[in-house]
Every structure is written in structure tokens, then in C-alpha cells.
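This report goes through a few local features of one model.

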Amino acid sequence: MAAQLRGSGAGAGQGIATALKNGLAGAGAGSGVTSGSGSGQNAGENGVDKPELVLSNRAGESRSPYVRAHKDNPVKWQLWGDEAIEMARRENRLLFLSVGYAACHWCHVMERESFENEEVASILNSAFIPIKIDREERPDIDRIYMNFVQATTGSGGWPLNVFVTPDLEPVFGGTYWPGPTSQTPFEDQVDFLGILNKLSTVWREQEQRCRSDSKQILEQLKSFAAEGTFGDRLGEGSDGLDIELLEEANQHFASTFDSKNGGFGSAPKFPTPSKLSFLLRLGQYPPVVIDVVGAADCRNAQNMAVTTLRKMARGGIHDHIGNGFARYSVTADWSLPHFEKMLYDNAQLLHVYLDAFLLSRDAELLGVVYDISMYLTADLAHSAGGFYSSEDADSLYRKGDSEKREGAFYVWTKREFENVLGSQAEPILSAFFNVSGHGNVEPENDAHDEFLDQNVLAIVSTPSALASQFGMKEEEVVRIIKEGKAALRAHREKERVRPVLDDKIVVSWNGIAIGALARTGAVIKGFDPVKSEEYLGFAIKAATFIKENLYDESSKILYRIWREGRGDTKGFADDYAFLIEGLIDLYEATFDEKWLQWADELQQTQISLFYDSDSTSGFFSTPASAPHIILRLKDGMDTSEPSTNGTSASNLYRLSSLLNDASYAEKAKTTIAGFESETLQYPWLFASFMPSVVASQLGVRGVVVAGGEGGEGVQGERIGEVKEFEKSPRGGLGTFAWLKDGEGGWLRGRNELLKEFRGRDGVPRVMVCEGGVCVEEGVLGGERGEVVGSAAAAGTGVGKETAKEIDVSDVKAALLSLGEEKTAEPVLAEKEGKEGKEGKEKEKEKADDIAAPAPASSSS
């Protein structure tokens, strides 16, 4: 289907698109083709001239920082909605949809080259209805027209630019097109001015052909979208997708793994958290899964993930002076990023680095867990709760500069290193971070000459190697590097202009962050109770903010965006999916039932608004009542974010276990079945479905503890053992509930099996539930495998320890661990965690050393 739309064969829907492609090369700005002010442009039905339409730029009325940033463009941007669409129908003009986001580098390039250009603006304003859209605010519009562009061109990205009829059917589209002032050296790239001239002529002279072809293209897109969700591919009575799919997905990842640099494939290289999560979980499933995949392959999967995470942590994609990760790397070795930082990337990576640490007990990975947590809570946190969306890639290099450059906030010259660090520290930090006088960015990666003599910091040495090189003690090298980083950060914060912050709060991404911080707070509680409380506090505060500001209690409906108040856009399926997941994680970190109750409410709303009960099951991205939606899509494949349907299936299984609600499990099963066709063909594209595929075959094991609030003595120790659940890496889907004495009213009422289950004579009791049947396992005690349902917790996973405290007492310093070269084989702790106050304080001290090599600052 995609090949047909791209014009590889004869068929419907190719006339105009193919003609435009073939004709544009010769239809540039100098072709003599005029814009839409020609014959008949303003003629009414009876030949009477209509008043000329005069547009005004309405971008400043938007809540979106990205859209508002275009308020001074000569292009008269309109806002997506009834008014602009009706205007296009009344004036019989094509709409020009330009979709981007605030942190998008090439969106800013196209704005400078085209949307600030008077000639471009004149054509757009006179011949089209130009609309600027924030993809983060309206992912539904973005997905529909991105599908069109990917199908007709073979690629996609942002900015996304599409010309559509007044009935919103796509005619022609693409991504970045060079403007009149462009100096970007892209071969065979058609210029934007030529496209505008050609499109205005084609619409004026061949309108009916445009409309006919665009209708046919839309029908093909609808058919294409349905192909992957036919379901029932396996036939009536099938037991569903098989566990062998995990083996096939793993083999694909292994075949594309870059053993030298980590990651998958070649440049550009993305972190792909969904892939890494799949690989880390693989060895933590029950034994039957490990038998199918193979223990050696499970270990190799974990090694691929851990190797990738270490390479990323040391690469230029990681902000070594501040915190957090950029969106992706231009180079295969992670050395040169596109510098935008996204909430959804960093929140997902926090989950993944936490799992990797729990599996390896590697202090370097724990250091990255703290690093990302600090970035979320210091740089992206809204003071009243919630997390902002992103930071831009481009910024002014110094205060007083007038022109932004990509990565200006993050790169360094050798001379700056000398001036900031001094003669003793500079050579050591230059050797550590690969800083040279001529810069470390290759010319082929610097299209705009923005990185001349500039260095992107990446760790290329170790303290031990530097100690030998400079003839000093290793501890002294570590001290110099730490102090040098602090000095560089202070200089950066004082002298440079921080990239623009997109300060809108998006529910879906906040859901991911809530879950990641909740899990982090639970994991570190035993050795860093102060930071644990802080991170859990941020998660609770974000969840509370969303409930108070973006949730309608009466209708049970979410709203997607908050910025200077609640936006008008109602939540999409992904907002519900990711927030529900985060709330379940928050419940299992705090055992506060109000979060589980809200997750249950949201799940019921998601089903009522988005679930496909009439056809092939699964969740649509948009509700049936959504206006101006020409194509209802189902988000199945993992992209930069996990699949909405994959996440929803996991949520349904977890809630079914916690609440003993068989209808949720049935919905999970049918959601998976809705994507059988594509999953069977390409299981590696559906990694986030795999925990649910396993659950559909093996069930979900839930553990319930009744009674006890901790305290002193044996009871407190036993509750401590229960909470080892919180330190388990994610594997197969399992749940954990704690009904404390005097509490648990809502959950006992929602789950009939728990109504009378309480502690006995002040002693906690444990019950294991599976398939609607619960068996009491006695009072607490013994190995945690007796009370925790996942394979990871039960000690059945590959390379898994049992009942050990997390021990970071071997950490010399954060920089030392980050610089040491390690093999990919995970490092497991070999000794029991230290007990008592002294051991805990030592662990916390080392953890703080990892987390805070330089003072944090907040941009909020």
C-alpha cells in the first residue's frame, strides 16, 4: 500500500501527487508561475467579485508556546478549528498545515528561511489558509497527516507540512523544504517557493482532479490503517499470540545491534526506550519464557541493553555538565546529539536506567538514575505540580547575541576550558571530555558551520588512565574532574542563555514521569530516604495537579494540556494510557488507594471513549465524537513513545489482577488480538505488547498483604521484606497490594476477594491471587520469592539475586564509575547489603556523590 501511494505502480490516487513531484523540479521560484490571485480567484457564484480576504496572524491567541512563537511572522497563521476550516471552504482554498513542536531544530530553520520571508508569506496569505499546529497539543492531527506523508514519500519527521482540501483530504506533503534564503546543502531538495507556486496553480486549474485524487488517497490510507488490525488472524478458538514472538523480536534486535557503540542500526541513532525495556525484561519472565527464548539469549539481551545505556551515559547525547539526555544522536557513537531535551524521552529513560541498575547493581547506572531524576525535578518541574514538555535545541550563545545556534548552551571551545578551569584542571578535563583546539564535530555533521572549533562533551577516558597519564593519584583526578564540572556549570548558568522552555504540561508525558519517579523513590528508600521522599513527593504533586486542573470529576474526562490554565483539547487515548500506568506505579510505591481508584475511573473512561467495540477491538487514538478527524487511527507500534495499545493492554491486566475484574482481562486479551496480523509479521515493532502477550498465556500473579504498618521488631522486618517488591526490575506483569489495618476500604469494596482479608492478631498475612482464585501463603517470613509474584522477585529470572539489599558501598565517586570501561556482562552484588545505621549512611553518602557532582539549578 505504501509503495502504491508512493507511485511505484499504476492505480488510483497517484495522478496529482505524481504530477506535482515530477513537475516541481522545474517549477521553482523563477518559473514564472504566479500565486493564487489569478483569474477567477475571487469570483463568486454569479460572477460577482467577492471581497478580498484579509487575514490576520492569530498565532498569539494560542496557548501553545510553539504556535505563539510565530505570532510575529508575516505569514498570517490561523488556528486549527471550525473557523479556519469554514474559511477555507468559503474561499475555496487549500489549507496549508504546518505541524511542529517547540524543541524542533528544523522547525526553527524552516521558520527563519520561509515563514519570516515576505515573498513566501505573500503567496501563503493570498492563495492558501495557513495553519500552525503544535503536534504535542494535537497528536491526532499530526498522526493522520504523518501517515499520509510517510506513505507517499517513504519518510517522515518534523516540521510536517501538508496541503489539504477544504474537506481536509491530503493533496501533497513533506517535511523540511528549503526556503528562499536557505544555505542547507540538500541534494535534489525542492524549494518551498516552487512548491507554493505549483500548488496554487494546480488547485486553480485542476481543482476537481485534486479533489478526486485526494479522496482516493484517503480511502487507501483508511484501508492501509485497517490492515494491521484485522485481528483473528489465528482463527476462532485460538489461544492468542505465542511466546515464541519474544524470541523472534529478540533475534531481530540482536541482528541490528551495534556491538561497538551500543544501540541499533546506524546514524541517526535514537535511545529507543521501548526496545531497551523489552531486552531488560526478557530474562525476568517466568521460566517457561526463558526456556523458549534461551537463557543465553536472555543474558545477551540484557547485555545489549546495558551496553547501550552505558555508551549513551558517556556520550554527547548526555548533558554531562547539567543533567538529562537529548532526543537523539546524529552520529552512531552518540557523540553529537540534536540538542533538544524532551520530557517523554527522559521519563522513559529513567524507567529503563532504573531497571538496568536493579539488574546489574552497577553504581554508574544508579548515577544516571539520579541524574535524570534531578533533571525532571529541577529543570522541568512546575512549581505547583507537573512537568514541562521540553527544552529547545537552539539558543543564544551569549547574552546580547541576536542569532540562535543549535547546541549553543552545551558546547565548549578549548579556550573557554582554559579560562574557566585554569592551567591545572583544564588538561585533565579536556582529556576526559575529548576537548580539542579545533573542536570535535566533523565537518560533514555541521551543515550550518555552527560547531566550528566547538566541542560536544563526551567521556572518552577514565580517572585511572588519567592518573597514569598525568602522574597523580586517582582520587586527585576524581576531585579535579568533579570540581571542574561544578565550575563549568556555574559558568554556563551565569554567562549563557538557557534554551527556551516549552512550559506546557502534557498529561500523557506526565503520566510516564509520575510512574518513573514513583518507582525510583520506592527503590532508593532503603539507602536514601531523603531523596526517596523528594522524588515520591514530585510524583504525588504531579498526579494531584493533573487531577485538580485537568480532570473533570463529573464527566470523568481528562483534558490534555495545561499552560496558564486548562486548554480546550480533551485527552486522547495515550493521555489515559500513560497516566493510568503512572498511577498504578504510584499506588505500588505508596499503597495509597486513591491513586488506584482514580486509575480505575480513568480506565473505564478510556474504554467508553476509545475502545473499538464494533470491529477489531483495541483503542482508537481519538473518540468517535472528535471533530474534523478524517481518519480514526489505532496506535499499535512503538515509536519514540510506547504504543498506546500496548500500554493499555498492560494496564488492563494489572488492574484486572488488583481489582479481580475479569472484564479488564478480557479487554486486554482482545486488544492484543486486534493487532495480531502486524505483530505476527513484525513482533519487534510491538515490543511494548510483549508483557501482555506473556500474561495472556501465563496469567498475572498478584500478591496481597493484609495488616501491619511496619514498626519495630519482627513485624517491621517482615514488612520490609514485602517491600522488596519495590526493588524488583520489571519483568512479567505482576501486582502488589497492601491492605493496612484500619485502611483498605475502597479496594476491599472493589475486589470481593479481599473484603474479609485482614491481618491476624497484629501479624500481617499474605495471599497470592491468580485467575480469580486466591490462596493464603501464611504470615510473612522467609525469602521474598514466597510473596512476590514476578519471576524477577521470585528468583527465577536470569542472573537474579534474592532478598539482597542494594549495596552501593563500592562506589568510589560518580565520575570514577562513569569513566570506567566495563564489559557488557552485568555486575551483580556479591555480598549481602549492610545492615544498621552506619551501612545505610555510607550508602546514602555514596549515592549523593553519584547524584550531585555539581549544584543543581532550576529553570522553572
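Lysine 556 counts as partly exposed because its relative accessibility is 28%; buried means under 20% relative accessible area, exposed over 50%, and partly exposed in between, with a 1.4 Å probe and protein chains only. Lysine 556 lies in the loop between strand E13 (551-552) and strand E14 (557-558). Its phi is near 65°, a positive value in a residue other than glycine.

Serine 617 has a positive phi too, near 70°. It sits in the loop between helix H22 (593-610) and H23, and at 9% relative accessibility serine 617 counts as buried.

## Basis of the values

The model is predicted: local features need pLDDT of at least 70, and side-chain atom pairs count only at pLDDT 80 or more, while totals for chains, interfaces and linings use all residues. Residues are numbered from 1 along each chain as its sequence is written, and side-chain values use heavy atoms, with hydrogens and water left out. Helices (H or I, at least four residues) and strands (E, at least two) are DSSP runs, numbered from the N terminus.

## Helices H23 and H24

Helix H23 (residues 644-659) packs on helix H24 (residues 662-673) at an angle of about 160°, and their axes are 7 Å apart. This makes H23 roughly antiparallel to H24, a term for angles over 145 degrees. Axes are lines fitted to C-alpha atoms over the stretch in contact, and angles run from 0 to 180 degrees between N-to-C directions.

In contact (heavy atoms within 4.5 Å), H23 contributes residues including Asn645, Leu652 and Tyr653, and H24 contributes residues including Tyr664, Lys667 and Ile672. The residues of this contact divide into 10 nonpolar, 3 polar and 2 charged. Ala, Val, Leu, Ile, Met, Phe, Trp, Tyr, Cys and Pro count as nonpolar, Asp, Glu, Lys and Arg as charged, and the others, Gly among them, as polar.

## Helix H4

In helix H4 (residues 82-91), the buried residues are Ala84, Ile85, Met87, Ala88 and Glu91. They cover an arc of only 155° around the axis, so they are on the same side of H4; the arc is that of the directions from the helix axis to the C-beta atoms. These buried residues pack against strand E1 (94-100) and strand E2 (128-134). Asparagine 92, which follows H4, has a positive phi near 55°.

## Two cis peptide bonds

The peptide bond from tryptophan 158 to proline 159 is cis, with omega near 5°. Another cis bond runs from alanine 267 to proline 268, with omega near -10°.

Key:
Parallel < 35°, antiparallel > 145°, perpendicular 65-115°, else oblique.
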